[in-house]
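Please consult the sequence and the structure below.

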Amino acid sequence: MSQLLGFDFGTHNIGVAVGQSITGTASPLAALKAKDGQPDWLVVEKLIKEWQPKLLVVGLPLNMDGSEQVLTDLARKFANRLHGRFGLPVELQDERLTTVAAKEELFARGGFRELSKDKIDSAAAQLILEDYLAHHSL
């Protein structure tokens with residue numbers, strides 16, 4: 001069984017989820033605070049040591065028509081930094097509509113009180129990772 005970590009990149013918050021290739025499922029973890037897209041790299045290192053993922057998946061924010069936006073380049077830079085710092089393979093996964101779906105899912109489970117920013121970001125990371133697992137065999 002391979003473990004994976006998924007990230008929903010943002011400039012202030014980065015959602016995180018852990019997934020398993022054998023089940024194709026993922027679970028949200030605590031979101032990371034970020035400053036200008038930079039997380040506390042020691043916290044990321046701790047996550048990697050704890051979960052020992054074989055692969056990291058970063059959501060790639062695209063416009064609905066598939067064109068790139070400002071955040072697209074920043075997410076790619078974040079993915080490159082992950083690879084450079086930890087030497088793990090990093091894949092990018094289209095994340096269109098994951099935040100909307102995450103909000104809908106959280107609201108259905110618990111109403112407005114479930115819609116905190118960190119929960120939304122990590123639920124989006126979960127959806128990004130599960131989408132990746134559904135379309136790639138490991």
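Is Arg76 buried, partly exposed or exposed? With a relative accessible area of 28%, Arg76 is partly exposed, where buried means under 20%, exposed over 50%, and partly exposed in between (1.4 Å probe, protein chains only).

## Basis of the model

The model is predicted; local features need pLDDT of at least 70, side-chain atom pairs count only at pLDDT 80 or more, and totals for chains, interfaces and linings use all residues. Residues are numbered from 1 along each chain as its sequence is written, and side-chain values use heavy atoms, with hydrogens and water left out.

## Salt bridges

The whole structure contains 3 salt bridges, a salt bridge being a side-chain nitrogen of Lys or Arg within 4 Å of a carboxyl oxygen of Asp or Glu. Arg76 pairs with Glu68 at 2.9 Å, N to O; Glu68 is partly exposed at 47% relative accessibility.

Lys77 and Asp73 are joined at 3.6 Å, N to O. Both belong to helix α2 and lie 4 residues apart, about one turn of the helix. Lys77 is partly exposed at 38%, and Asp73 is partly exposed at 40%. In the salt bridge of Lys49 with Glu45, the closest N and O atoms are 3.3 Å apart. These residues are separated by about one helical turn because they stand 4 residues apart in helix α1. Lys49 is exposed at 57%, whereas Glu45 is partly exposed at 30%.

## Packing of α1 against α2

Helices (H or I, at least four residues) are DSSP runs, as are strands (E, at least two), numbered from the N terminus. Helix α2 (residues 70-86) packs against α1 at about 65°, with the axes 12 Å apart; axes are lines fitted to C-alpha atoms, for helices over the stretch in contact, and angles run from 0 to 180 degrees between N-to-C directions. The two helices, α1 and α2, are therefore roughly perpendicular, a term covering 65 to 115 degrees. From α1, Trp41, Val44, Glu45 and Ile48 make the contact, and from α2, Phe78, Arg81, Leu82, Arg85 and Phe86, contact meaning heavy atoms within 4.5 Å.

Trp41 lies in α1 (residues 41-51) and is buried at 10% relative accessibility. The C-alpha atoms of Trp41 and Leu82 are 9.0 Å apart, although 41 residues separate them along the chain.

## A buried loop residue

Glu95 occupies the loop between β6 (90-94) and α3 (98-110). At 11% relative accessibility, Glu95 is buried. Beyond residues up to four places away in sequence, Glu95 touches Asp8, Gly59, Leu60, Pro61 and Ile128.

Conventions. Parallel < 35°, antiparallel > 145°, perpendicular 65-115°, else oblique.
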